Amino acid sequence: MSLSSAITELHSIAGHDAVLDRPEDLMLYEYDAGVRKSTPGAVVFPQTAQQISAIMRVASAARIPVVARGAGTGLSGGAISQAGGIVIAFSRMNRILEVDVDNQCAVVQPGVVNLQLSERVAHLGLYFAPDPSSQKACTIGGNVAENSGGPHTLLHGVTVNHVTGVEVVLPSGEIVQYGGKAADSYGYDMTGFFVGSECTIGITTAITVKLLRKPEAIATLLGIFETVDDAARTVSAITAAGITPAALEMLDGWTLRTIEAFCHAGFPLDAGAVLLIELEGLREAVEEQAIAVREVCLNQKAREVRRAKDEDERALLWKGRKMAFAALGRVSPSYYTQDGVVPRSKIPGVLQHIGDTAKKYNLIIGNVFHAGDGNLHPLILFDMRDADQFERVLCASRDILQYCIDVGGSITGEHGVGMEKRDMMCQLFTNEELDVMASLRNQFNGDEILNPEKMLPTPRMCREISGASRNPVLAQEGM
Amino acid sequence: MSTTVVATRVGRELSAICGADHIAEAPPERILGCAPSVSVRPGSAEEIAAILRFANENGLSVVPAGGFTQQQGGKTPAQIDVLLYTTRLTAVEHYDAADLTVGIGAGCKVAQLCSTIAKDGLLFAADPPLWELATIGGLLATGMTGPRRHGYGGLRDYCIGIRFVTGDGRLGKGGGRVVKNVAGYDMMKLLIGSQGTLGIITGASFKLFPSPRQTRTFVAVFSTAAEALDFRHRILRSPLDPVCLELVSPEAHKLLVPASPAGAWWSICLRATGSDAVLARYRAELGSALAREMEGENEVGFWRKAADFVPLACEHDPDSLLISFAAPLQDVQPVLATVEEIAGTHGFSLAAIGRVGVGHLLVSLSAAVGRQLTKTDFIATVSALRDRLPPDASMTVLHCPPEACDAISQLRTPTHLDSMRAVKRALDPKDILNRGRFLF
């Protein structure tokens with residue numbers, strides 16, 4: 001079957017107003033929030049799991065690759081189609097199907113925007129905990145595919161810790177259920193396996209998520225430091241003091257000045273770095289922890305520790321944090337970000353390495369990240385029109401990820417592997433470990449009709465890469 | 001070929017892999033009465049891989065084992081060619097207290113790990129039964145948790161990395177040693193609770209927690225289960241965030257605290273952590289519902305017993321039927337009512353305990369005084385419970401008298417069974433691991 005006859009089938013499955021195939025329309029679906037592009041052959045907007053099942057059967061028969069797409073806010077190319085493939089877009093499956101207050105959960109369609117769910121249940125004193133910085137736009141379906149995080153995952157965990165059930169359309173077209181409204185279910189944890197599988201096992205069509213009760217008290221502190229190093233050391237000093245903040249974010253001086261110029265969040269312009277620390281829970285416990293955190297910060301040479309005195313001040317500090325990426329748009333045509341992870345105690349070292357990398361490649365790199373988790377977000381500025389500079393950006397980014405791997409970390413904490421970090425999987429896993437993962441994928445998606453060439457590298461990619469590119473500096477240090 | 005000859009050949013092959021010192025032919029262990037031909041204690045993941053490849057080539061069945069605390073579940077295996085212990089894999093793979101993470105070999109005992117990290121003021125959140133014997137590998141394979149499941153989450157929430165050997169002898173890995181990591185499939189989720197049917201776990205990494213400086217347990221008592229569960233709901237809607245929230249039935253209380261005066265009370269036990277001010281707040285919120293408090297050794301002992309409920313119930317009555325339920329919060333009460341009704345019909349007396357704030361319920365059914373139960377009573381009870389289970393709930397039979405265990409279906413779950421079978425095919429295509437014990 002050709003693409004054009006497949007498109008005819010898509011029209012009859014989803015309706016005539018539910019398929020795009022003109023080049024000018026398809027252009028809007030060729031990219032995500034990362035740096036890669038590829039133009040699909042068709043975009044279809046189904047409204048039911050049954051339609052998606054029918055689409056999968058057509059695509060399998062025609063051997064046309066398929067990818068699911070939420071809001072396209074991903075940073076790793078997870079939602080980018082193969083050239084000429086079919087994009088299943090979820091903008092018409094955006095209903096909250098059920099809010100079950102007594103069971104503290106909700107059932108949503110994948111196209112529901114992350115923040116909309118929390119807004120919808122706010123009057124009940126509930127919220128959905130995963131809060132990616134893109135939460136005003138990103139969809140819960142995308143969060144499930146990538147196992148997204150956010151600042152408050154330090155205390156509450158990432159998406160997988162909040163999903164108890166999924167309805168899934170398998171590449172075969174079969175519609176199946178994993179888990180449900182119970183916090184756990186016996187047998188293999190297919191729900192946990194599915195979350196974060198980057199659309200390589202199936203497409204979710206309904207998601208059961210936990211809703212948390214809003215905490216009674218919240219304290220938001222801003223620790224202001226003269227140097228990045230002092231702030232970095234404070235991160236493990238806070239956890240060593242027996243305190244688990246709800247969020248523990250770090251912004252370096254360059255980044256906070258850029259943000260301040262954009263949205264006046266109240267960050268000090270002359271600081272070397274700040275820590276944004278949030279505590280939540282029982283009133284009495286939060287007060288005690290706020291005092292303890294202030295003390296730890298001051299012991300680690302904080303210049304000052306401020307505390308948001310009301311909800312407005314708190315909202316402003318968070319606005320500054322969440323607008324960081326947008327603020328960069330004012331100072332650079334493009335930016336590239338990675339989300340490598342290091343053990344918490346290695347944060348001072350990795351920030352030093354990022355600084356050295358910026359010098360080595362003559363680039364500007366800002367840092368705004370989930371320090372409490374050791375989850376970095378180095379923001380590398382560049383101009384796409386400068387091919388040489390872009391090449392240096394990719395090299396710098398690789399250097400940083402290699403450092404993360406060498407100190408016992410990972411190449412991605414919340415953005416996913418997608419297209420962009422596929423080859424680096426060979427450094428993190430052996431061929432045999434990747435083969436174990438591939439054998440699982442092949443049971444469900446053996447023809448790779450669904451999201452091919454994502455996440456898992458081919459054995460050939462690993463052979464070509466093996467042995468190369470160990471970080472020479474670390475190799476000398478014997479790490 | 002006679003069994004003896006096969007065992008000898010297998011013994012020779014295994015000796016070549018791990019050394020004769022680590023092999024025992026015709027060992028004394030029994031799993032539901034079934035005798036393994038040989039037991040082996042390999043010293044590395046590579047040796048395990050070699051054993052499993054050999055088992056695949058020869059179609060042998062392999063039963064993985066750790067502290068042997070949970071081996072009485074499932075059906076009677078037709079044959080066990082190799083009983084494979086992971087108890088020699090005890091090395092600490094990584095540990096830096098400042099990272100709040102640890103990586104440890106599967107053979108390390110849970111209590112040993114806890115004492116290793118306690119000196120740094122850290123807590124390993126899992127509190128499984130028989131923690132002094134239970135190993136990390138067995139803990140993960142059985143997915144056993146205890147009362148701390150309420151406040152710290154389950155293994156799936158704090159196991160951050162896993163190393164294992166697949167049924168077909170490949171060295172697999174998921175996650176790593178950092179607390180946030182989405183690179184590759186989440187293999188931890190598949191291996192946790194897989195009952196040793198997908199792979200043999202060789203090591204794992206965990207997120208650790210700061211040890212609380214002070215804890216206190218508050219007990220509220222009620223005359224019916226329904227009232228106790230209403231109270232649970234009140235707690236869940238309050239700002240209180242206890243680390244444990246346990247329902248204890250009157251019969252369960254007798255098992256945990258045999259010396260206590262008999263009473264027909266259903267209790268909710270809340271364990272709180274924090275300063276004096278925080279504990280005072282608990283008292284204020286609980287008000288007149290608060291019957292008594294436990295602290296110190298008394299408190300620690302109570303929670304250890306609560307974690308040991310399953311072995312305590314089995315010791316009390318080796319012919320008891322133990323079932324674990326995981327249900328949506330509002331289904332706990334109907335599930336419990338159904339259990340009470342069906343137990344009554346078949347002449348069982350019921351002891352129940354559970355982390356009801358997360359929908360967990362453990363029930364032990366044993367013959368009521370003066371009743372003689374038959375195999376049919378056990379089979380009919382399990383089958384009636386399965387039939388009447390709410391759609392989103394799941395249940396698994398943890399223990400059952402041997403004469404009945406082969407005739408019951410242990411598992412009921414809302415999850416698509418063919419997808420589970422696909423996972424099994426991917427990792428253990430020849431059905432080497434725990435063959436015939438845990439069927440879907």
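**Figure 1. Helices α8(A) and α13(A) cross in a right-handed sense.** A crossing counts as right-handed if the near helix is turned clockwise from the far one by less than a right angle, and left-handed if anticlockwise. This is a predicted model; local features need pLDDT of at least 70, side-chain atom pairs count only at pLDDT 80 or more, and totals for chains, interfaces and linings use all residues. Residues are numbered from 1 along each chain as its sequence is written, while chains are lettered from A and ligands numbered from 1 in the order in which they are written. The axes of α8(A) and α13(A), the latter spanning residues 347-361, come within 8 Å and cross at roughly 150°. That crossing makes α8(A) roughly antiparallel to α13(A). Axes are lines fitted to C-alpha atoms, for helices over the stretch in contact, and angles run from 0 to 180 degrees between N-to-C directions. Angles under 35 degrees count as roughly parallel, over 145 as roughly antiparallel, 65 to 115 as roughly perpendicular and the rest as oblique. From α8(A), the contact takes A:Val228, A:Asp229, A:Ala232, A:Arg233 and A:Val235. From α13(A), it takes A:Ile347, A:Pro348 and A:Leu351. Residues are in contact if their C-beta atoms, placed from the backbone, lie within 7 Å. By class, this contact has six nonpolar, no polar and two charged residues. Nonpolar means Ala, Val, Leu, Ile, Met, Phe, Trp, Tyr, Cys and Pro; charged means Asp, Glu, Lys and Arg; the others, Gly among them, are polar.

**Figure 2. Helix α8(A) also meets α10(A).** The axes of α8(A) and α10(A) come within 9 Å and cross at roughly 140°. The two helices are therefore oblique to each other. Their crossing is right-handed. A:Thr234, A:Ala237 and A:Ile238 lie on the α8(A) side. A:Val293, A:Val296 and A:Cys297 face them from α10(A). Five residues of this contact are nonpolar, one is polar and none is charged.

**Figure 3. Helices α13(B) and α14(B) pack together in chain B.** Helix α13(B) covers residues 332-346, and α14(B) covers residues 375-388. Their axes are 10 Å apart, at an angle of about 155°. They are therefore roughly antiparallel to each other. The crossing is right-handed. B:Thr338, B:Val339, B:Ile342 and B:His346 are the contributors from α13(B). B:Asp377, B:Ala380, B:Thr381, B:Ala384, B:Leu385 and B:Arg388 come from α14(B). The contact counts five nonpolar, three polar and two charged residues.

**Figure 4. Chain A touches chain B.** On chain A, 70 residues are in contact with 66 residues of chain B. Six elements of chain A each supply at least two residues of this side: β9 (175-179), α7 (190-194), α8 (228-240), α10 (283-299), α15 (425-428) and α16 (431-445). Helix α16(A) gives the largest share, nine residues. The chain A side divides into 25 nonpolar, 31 polar and 14 charged residues. The predictor gives the complex an ipTM of 0.96 and a pTM of 0.96.

**Figure 5. Chain A holds 18 helices and 18 strands.** Helices (H or I, at least four residues) and strands (E, at least two) are DSSP runs, numbered from the N terminus. The radius of gyration of chain A is 23 Å, close to the 23 Å that the globule rule gives for 479 residues, so chain A is as compact as a globular protein of that length. The radius is taken over C-alpha atoms, and the globule rule is 2.2 Å times the number of residues to the power 0.38. Along the principal axes, the C-alpha atoms fill a box of roughly 70 × 55 × 45 Å. Mean pLDDT (the predictor's confidence in each residue, from 0 to 100) is 93 for chain A, and 97% of its residues reach 70 or more. Over residues 467-479 of chain A, pLDDT stays under 50. The model has 11 contacts beyond four places in sequence for that stretch.

**Figure 6. Chain B holds 16 helices and 20 strands.** Its radius of gyration is 22 Å, close to the 22 Å from the globule rule for 440 residues, so chain B is as compact as a globular protein of that length. The C-alpha atoms of chain B fill a box of roughly 70 × 55 × 40 Å, taken along the principal axes. Mean pLDDT is 94 for chain B, with 98% of its residues at 70 or more. Residues 1-6 of chain B have pLDDT below 50, and this stretch has three contacts beyond near neighbours in sequence.

Definitions and conventions:
Two residues are in contact if their C-beta atoms, placed from the backbone, lie within 7 Å.
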